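Please load the model in your viewer and keep the selection panel open. We will go from one whole chain to single residues.

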Amino acid sequence: METRTVIDAHNLSKVYNPDSIPVNAVNEVHLHLERGEFTSLVGPSGSGKTTLLNLIGGLDQPTTGKVLINGTDITAMAPNALIDFRLHNIGFVFQAFNLIPVLTASENIEFIMLLQKIPKAERTRRVRELLEAVGLPDKGDARPAQLSGGQQQRVAVARALASKPQFILADEPTANLDSHSAATLLDIMEKLNREEHMTFLFSTHDQRVIDRARRVITLVDGRISSDTAPAGLSHA
Amino acid sequence: MLGVLAWRNIWRNRNRSLITMASIAGAVMLSVVTVSLQKGVWDNLVRNVVSLYTGYVQVHGKGFWDEQTLDNSFEVSDSVLQTVLHTEGVTGMSPRIEAFALASVGEKTRGCLAVGIEPEAEDRLTHLRAKITSGHFIKDGSDHALVAEGLAEKLHLSVGDTLVLLSQGYFGSTAAGQYQIAGILHFGSPELNESVCYLSLQAARYWLDAPDRATALALSLDDPRNLGRVQHALKAALPQTLEVMTWEEMMPEIVQHIKTDTAGMYIFIGVLYLLISFGIFSTLLMMLSERQREFGMLVALGMRKGKIAAVVLMESVFLTLTGSLAGLLLSWPVVWYLTEYPIRIGGEFAKIYERFGFEAVFPATVYAPIFIEQTLVVLGVGLVLALYPALQILRLDPVAAMRK
């Protein structure tokens with residue numbers, strides 16, 4: 001597997017309420033993720049998992065430190081440039097309310113490519129491929145409300161992949177799913193990771209996800225307390 | 001797809017959107033019917049007023065309107081007549097020569113406005129023949145006179161009597177003539193009824209020693225809406241020694257009255273639109289607050305806030321446009337009905353109108369700009385109201401939004 005740094009976070013801190021009662025949500029975190037990783041970010045509630053994910057995804061600005069994605073410092077980007085960067089480089093899967101409810105599964109997947117100004121024919125072809133990849137080839141015309149929670153998350157994964165991102169950030173993707181749906185979703189994501197070397201970074205409480213991860217980073221009070229890296233990969 | 005997204009978003013809460021659209025449709029319908037009715041009533045009144053005497057447009061010698069004397073009359077050349085008659089929009093013309101005169105019968109004398117006319121042309125313009133209450137109409141070149149009944153009563157005149165007219169003729173000469181009364185006229189306007197008498201143009205010119213001259217050419221138009229265009233064309237084509245005036249310039253008090261009445265109506269419509277604005281605004285605010293997470297998610301996925309704001313603007317436009325179109329569709333048959341079957345008022349109110357020579361009829365008018373104007377106003381309201389949610393989206397913090 002080609003090794004190349006995709007995410008490089010330096011001395012990352014996020015302090016909420018700096019002027020009143022400061023809360024160090026993320027505290028001097030150094031984190032490197034390389035292409036093809038399948039990594040879980042774990043820790044108790046309030047440990048800073050989601051905040052760290054938001055900082056890496058460019059959704060939030062760090063108080064100190066910087067985030068390099070493929071060598072590009074996203075913390076120095078102007079707001080619209082950052083949004084465009086996310087569109088082309090980062091895929092997101094959220095815990096819930098992932099899909100646009102008034103669009104069908106196909107349209108939800110196509111929507112990202114439309115924002116990327118990809119031609120119609122290519123969009124159509126890729127939507128079909130992605131629905132196949134997540135095991136929902138016959139659900140393209142279904143609205144989110146007509147899909148189960150697990151199916152919705154699979155469509156969300158397909159949508160995250162639609163933009164051909166550098167990596168996918170998934171915030172508690174299995175939190176609302178039953179065992180079977182969670183297993184199916186994880187199977188799909190593992191397969192994408194194994195076959196297409198797609199990089200995944202999860203924040204999770206879910207042991208089912210932790211068990212499948214090849215690297216587990218534990219956050220406590222905003223600091224990395226442990227980082228179990230697979231053999232052959234070195235991490236801070 | 002942004003348009004599709006906006007359209008489908010409207011129907012997320014079908015009942016709320018339908019209620020909002022219904023309120024917009026109701027307001028548009030009410031305003032279109034009100035404006036159409038008011039315009040129809042005023043058009044009808046103006047038609048009545050201009051056909052009473054002035055016509056829609058008059059051509060005078062320069063300065064005549066400010067100083068109405070024979071000295072400001074003009075020579076009616078063939079080229080002037082041809083120019084006027086061939087101007088697009090002009091359907092008829094009545095040349096007049098007017099002079100203030102003393103009307104005398106026996107020992108009774110009254111001041112009057114003596115008007116020389118081409119009887120048939122004048123009848124086409126002001127329906128003069130229909131105003132005869134006794135006697136008969138006059139013919140071109142006749143030496144007979146028509147007298148308004150108020151003036152006739154004061155002079156104790158009746159058909160067949162002789163009327164003596166004294167005035168100052170052109171070049172300052174004394175003008176005197178006697179004319180047999182052919183008919184008595186009834187005017188709705190008390191002012192005209194007390195003061196006017198008509199001669200044939202030929203007889204009046206002879207009496208005033210003003211051959212080939214006129215004080216006014218009163219014109220009728222194919223469509224009153226062409227008023228400005230006709231005036232502009234005539235001003236461009238006629239010699240600078242002539243002035244071209246519209247009824248609006250000759251009767252500014254009526255214009256002022258229409259403006260005052262119209263302003264009152266627009267206040268009413270403004271209040272109406274203000275009320276529906278609250279409805280539209282509350283719908284937009286609810287749509288905004290319900291979808292905070294979604295907006296945050298879209299920004300996270302890489303959709304620029306400007307595009308999300310554009311979707312919300314489109315939603316507001318679709319909401320107001322659909323309501324407006326429904327309002328227009330509902331109002332059209334009502335306006336059409338009121339145009340074809342005007343409101344007719346009876347009783348004392350009708351008698352007051354009839355005393356002034358008007359029918360107490362209140363028609364609407366089917367006038368496309370009214371429909372377009374109301375639609376544009378509502379669309380404008382929708383766009384302005386959507387600015388607030390759009391600005392909120394531009395300020396959106398995706399992380400905070402997704403926490404909601």
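Select chain B and colour by burial: buried residues make up 40% of its 404 residues. Here a residue counts as buried if 20 or more other C-beta atoms lie within 10 Å of its own, as exposed if 12 or fewer do, and as partly exposed in between, with C-beta atoms placed from the backbone.

This is a predicted model, in which local features need pLDDT of at least 70 and side-chain atom pairs count only at pLDDT 80 or more, while totals for chains, interfaces and linings use all residues. Residues are numbered from 1 along each chain as its sequence is written, and chains are lettered from A and ligands numbered from 1 in the order in which they are written.

Zoom out, and the C-alpha atoms of chain B fill a box of roughly 100 × 50 × 25 Å along the principal axes.

Now move to chain A. Which strand holds A:E28? A:E28 lies in β2 (residues 23-34), and has a positive phi of about 50° without being a glycine. Then select A:E172, in the loop between β7 (167-171) and α6 (179-196); A:E172, also not a glycine, has a positive phi of about 50°.

Notes: Helices (H or I, at least four residues) and strands (E, at least two) are DSSP runs, numbered from the N terminus.
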